[in-house]
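Hello,

Here is the structure for you to look through. Please open it first, then read my notes below.

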Amino acid sequence: MTIKCIAIDDEPLALKQIAAYIDRTPDLELVAALNNAQDAYAILENKDVDLLFVDINMPKLSGMDFVKSLQQNVGIIFTTAYSEYAVEGFKVDAIDYLLKPIGYDQFITAVNKAKKRLNPPVDKEQVDGNDNYLFIKSEYKIVRIELNNIIYIEGMREYVRIHLINQKPVLTLLSFKKLMDKLPAKQFMRVHRSYIVNLNKITTIERMRIVFDDEVRIPVSDQYKGAFQKYIDEHFLM
């Protein structure tokens, strides 16, 4: 699996170095190299990104405040010249912390940690079922989930959260790919790196955002927009 990356640093030489490391490393793809965190919001909204290399100490919007504001499911590796930020970095569940000047060996160590976090091993017996229901392992229990009760499924780094009608969400250690293999394609569609939706539960679409209620608005990313638009066209009446 190719890990798509964004590098963010207000220091040109540091940004150039991280971008070069990404280009040099197999299985990594540089989506963008940015000199400020604000520009990353639009990219994350419209493109699938797996991993961010973020400088902590930046003007206007610090890397720490930027990460705390993120809604997207994305891995974080902090880069900084100040060692005192390390503890704060791990409080926001960062994958790793790189102290400048950064050597390539340090970079690779952090990337290997990211690969384990972003692509966790999946228990083959973790999900089973048919076109009507699934059995899912959750919190040391096996839970039966009726497919018609699923509203949408949310990826949360190592975990998947299954949102249900009139029930608490079910949290499980499971990959999106494994789950998609078990879900009937006629009923479920992946519309974003972090979201799978139950097509039968969609009632409103606004500007390529699926609205399930006033608080849940799921974006359709560019990678999945074509398939979703085709589904809309097939069910649209003039």
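**Salt bridges and burial**

Lys100 counts as buried, at 17% relative accessibility. Buried means under 20% relative accessible area, exposed means over 50%, and partly exposed lies in between (1.4 Å probe, protein chains only). This is a predicted model: local features need pLDDT of at least 70, side-chain atom pairs count only at pLDDT 80 or more, and totals for chains, interfaces and linings use all residues. Residues are numbered from 1 along each chain as its sequence is written, and side-chain values use heavy atoms, with hydrogens and water left out.

What does Lys100 pair with? The side chains of Asp55 and Lys100 meet in a salt bridge, 3.4 Å from N to O. A salt bridge is a side-chain nitrogen of Lys or Arg within 4 Å of a carboxyl oxygen of Asp or Glu. This pair links distant parts of the chain: Asp55 sits in strand 3 (residues 51–55), and Lys100 in the loop between strand 5 (96–99) and helix 5, 45 residues apart. Helices (H or I, at least four residues) and strands (E, at least two) are DSSP runs, numbered from the N terminus. Asp55 is buried too, at 2% relative accessibility.

The whole structure has ten salt bridges. One of them joins Asp27 and Lys115, with the closest N and O atoms 3.5 Å apart. Asp27 lies in the loop between helix 1 (12–24) and strand 2 (28–34) and Lys115 in helix 5 (residues 104–118), so the pair ties together parts 88 residues apart in sequence. Asp27 is partly exposed, at 40%. Lys115 is partly exposed, at 26%.

**The cavity**

The structure holds one cavity of 30 Å³ or more. A cavity is a set of points on a 1 Å grid over the protein atoms alone, where a 1.4 Å probe fits but cannot get out; lining residues have an atom within 4 Å of a point. Grid points are joined across faces, edges and corners, and a volume is the space filled by probe spheres set on the points. The largest cavity has about 50 Å³ of space. Its lining includes Leu44, Asp48, Gln72 and His192.

**A buried strand residue**

Is Ile153 buried or exposed? Ile153 is buried, at 1% relative accessibility. Ile153 lies in strand 9 (residues 150–156). The C-alpha atoms of Ile153 and Val197 are 6.3 Å apart, though 44 residues separate the two along the chain.

Best wishes

Conventions:
On a 1 Å grid over the protein atoms alone, a cavity is a set of points where a 1.4 Å probe fits but cannot get out, and a pocket is an open set with protein on both sides within 12 Å along at least five of seven lines; lining residues have an atom within 4 Å of a point.
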